Amino acid sequence: KNTDVRNTAEETAFAICENINPFAMKSLLPQIFAQLPVEKKWQIRELGLKCIAKFNKTAPRQLGDALPEVIPEVTACMWDTKKQVKIAATAAMEAALQVIGNRDIEHMTDKILVAITKPKEVPEIMHKMAGVTFVQSVESPALAMVVPLLLRGLREKQIATKRQSAVIINNMSKLVDNPLDAAPFLPLLLPALQTNAESIADPEAREVTELAVAQLNRLKGLADKQFSVRGDISKLEDEFKKALGAENAEGGLLVVIKQASTIATTMMDLHFMEDVQWTKHVSSQFVDYLDKAKVEAGIEKVREEAEKMLVVPEEDEDEDDSEELCNCTFTLAYGTKILLHNTKMRLKRGKRYGLLGPNDCGKTTLMR
């Protein structure tokens, strides 16, 4: 109730959000989310939402990576009866919409925001989104923002809206490069799609829905094959303990290992996998606890294991007797700029391959 105490608390909270290692941002989210339930005082809830909005400037890519967890929490607050909480939640959602990083739907963000609080607008918004041509790779942040809207579309009474939702899901799922980006949303979308595929009377709409179901099942099959550390730091935590000889770590060192695991998993999500990046963001966490040379050697071992975890399983290809000319993984740099990192290439005799890109983008230079 004391104004001075409240102002100091707010300044302290903002200072933590603004100065924490961007890749450690996720370590703050559980504490922030714990202050958002309606049972908490509205001033605390408002401050928690303002902290989330701060990450838009201090850790935009990391906030985008965390949107699958952030969106449900903020959405619930947008319906709050307390005006101050509702305003803060809307501001936090607007900040989140700015970091989705998908140009195909960026122009739709204001409409997506409207749909959250005005469900009656969903059919019209679905109609407009169904006309979007998706060309950019679809990643977790874009899915986190669009999936709640798609679920509402699938549950609408109008068959046309259900069909449009299925069309959007089908189109977007084809552009998901990493199956793990889609994995958190499959348990939400698949049941709703399967229900529609069995119940929609219109044959054409049912066929469109079945195509979307097939696409999501394809992604599910690939995601099930892939090793995932998203939302689970325990796998990397074990790697850190083993590499640093700290299996029995406790106290401050254990806290640092958990923090380093959070940072490392976020770096994996965002493909920050260069050794210099891990030295800067991960090794630096241990300076007060372990010898520098030992830490750097141990972190490099963890980074190498982490790279193995990131391998995306290939889809089964039709077997043929064509001679395999190349089946390799390579990294390519131009000067100090990394152009391709751990890129897979497989070539077979008799097949035709193309290298596409605009003029002067470096196609000829790459071939040389």
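Predicted model: local features only at pLDDT ≥ 70, side-chain atom pairs only at ≥ 80, totals over all residues.

Biologist: Got it. How many residues are in the largest nonpolar core?

Modeller: That core has 101 residues. Leu67, Phe240, Trp278 and Phe286 are the ones with the most contacts inside it.

Biologist: And which helix gives the most to this core?

Modeller: Helix H9, residues 140-154, with 10 residues. As a general point, nonpolar side chains in soluble globular proteins tend to be buried together.

Biologist: You mentioned Trp278. What is Trp278 in contact with, leaving aside neighbours within four places in sequence?

Modeller: There's a list: Ala264, Met267, Met268, Phe272, Met273, Ser283, Ile299, Val302, Arg303 and Ala306.

Biologist: OK, switching to rings. How many aromatic pairs does the structure hold?

Modeller: It holds 2 aromatic pairs. One of them is Phe23 with Phe272, edge-to-face, at 5.0 Å centre to centre and 70° between the planes.

Biologist: Where in the chain are Phe23 and Phe272?

Modeller: In distant parts, 249 residues apart. Phe23 is in the loop between helix H1 (3-19) and helix H2 (29-33), while Phe272 is in the loop between helix H15 (251-269) and helix H16 (275-281).

Biologist: Are Phe23 and Phe272 buried or exposed?

Modeller: Phe23 and Phe272 are both buried.

Biologist: Now Phe240 and Phe286. Why is that pair tilted?

Modeller: Their planes are at 35°, so the pair counts as tilted, and the ring centres are 6.2 Å apart. The cut-offs matter here, because planes under 30 degrees apart would be stacked and those over 60 edge-to-face.

Biologist: Where do Phe240 and Phe286 sit in the chain?

Modeller: Phe240 is in helix H14, residues 234-244, and Phe286 is in the loop between H16 and helix H17 (292-309). They're 46 residues apart, and this pair too links distant parts of the chain. Phe240 is buried, as is Phe286.

Biologist: Which residue lies over the face of Phe14?

Modeller: Lys54 does, at 4.6 Å from the ring centre.

Biologist: What lines the largest cavity?

Modeller: Leu143, Leu150, Ile169, Met172, Ser173, Val176, Ala182, Phe185, Leu186, Leu189, Leu216 and Leu219. H9, helix H10 (159-173), helix H12 (186-199) and helix H13 (203-225) are the elements giving two or more residues to that lining. H10 has the largest share, at 3 residues.

Biologist: Changing topic: where is His271?

Modeller: His271 is in the loop between H15 and H16. Its phi is near 60°, a positive value in a residue other than glycine.

Biologist: How about Thr109, buried or exposed?

Modeller: Thr109 has 17% relative accessibility, so it counts as buried. You'll find Thr109 in helix H7, residues 109-117. Setting aside neighbours within four places in sequence, Thr109 is in contact with Leu97 and Ile100. The C-alpha atoms of Thr109 and Leu97 are separated by 6.2 Å, and the two residues are 12 residues apart along the chain.

Biologist: And Lys174, where is that found?

Modeller: In the loop between H10 and helix H11 (179-182). Lys174 is partly exposed, with a relative accessible area of 48%. Not counting residues up to four places away in sequence, Lys174 touches Gln215 and Arg218. Gln215 is 41 residues from Lys174 along the chain, with their C-alpha atoms separated by 7.2 Å.

Biologist: Last one. What does Arg163 touch, not counting residues up to four places away in sequence?

Modeller: Glu204, Ala205 and Val208. Arg163 lies in helix H10 and counts as partly exposed at 29% relative accessibility.

Terms used:
Residues numbered from 1 in each chain as written. Heavy atoms only, no water. Core = buried A, V, L, I, M, F, W, Y, C linked by side-chain atoms within 4.5 Å. Buried < 20%, exposed > 50% of the residue type's maximum accessible area, 1.4 Å probe, protein only. Helix = DSSP H or I, 4+ residues; strand = E, 2+ residues; numbered from the N terminus. Contact = heavy atoms within 4.5 Å. Phe/Tyr/Trp six-rings, centres within 6.5 Å; stacked < 30°, edge-to-face > 60°. Lys NZ or Arg CZ within 6 Å of the ring centre and 35° of its normal. 1 Å grid on protein atoms, 1.4 Å probe; cavity = no way out; pocket = protein on both sides within 12 Å on 5 of 7 lines; lining within 4 Å.
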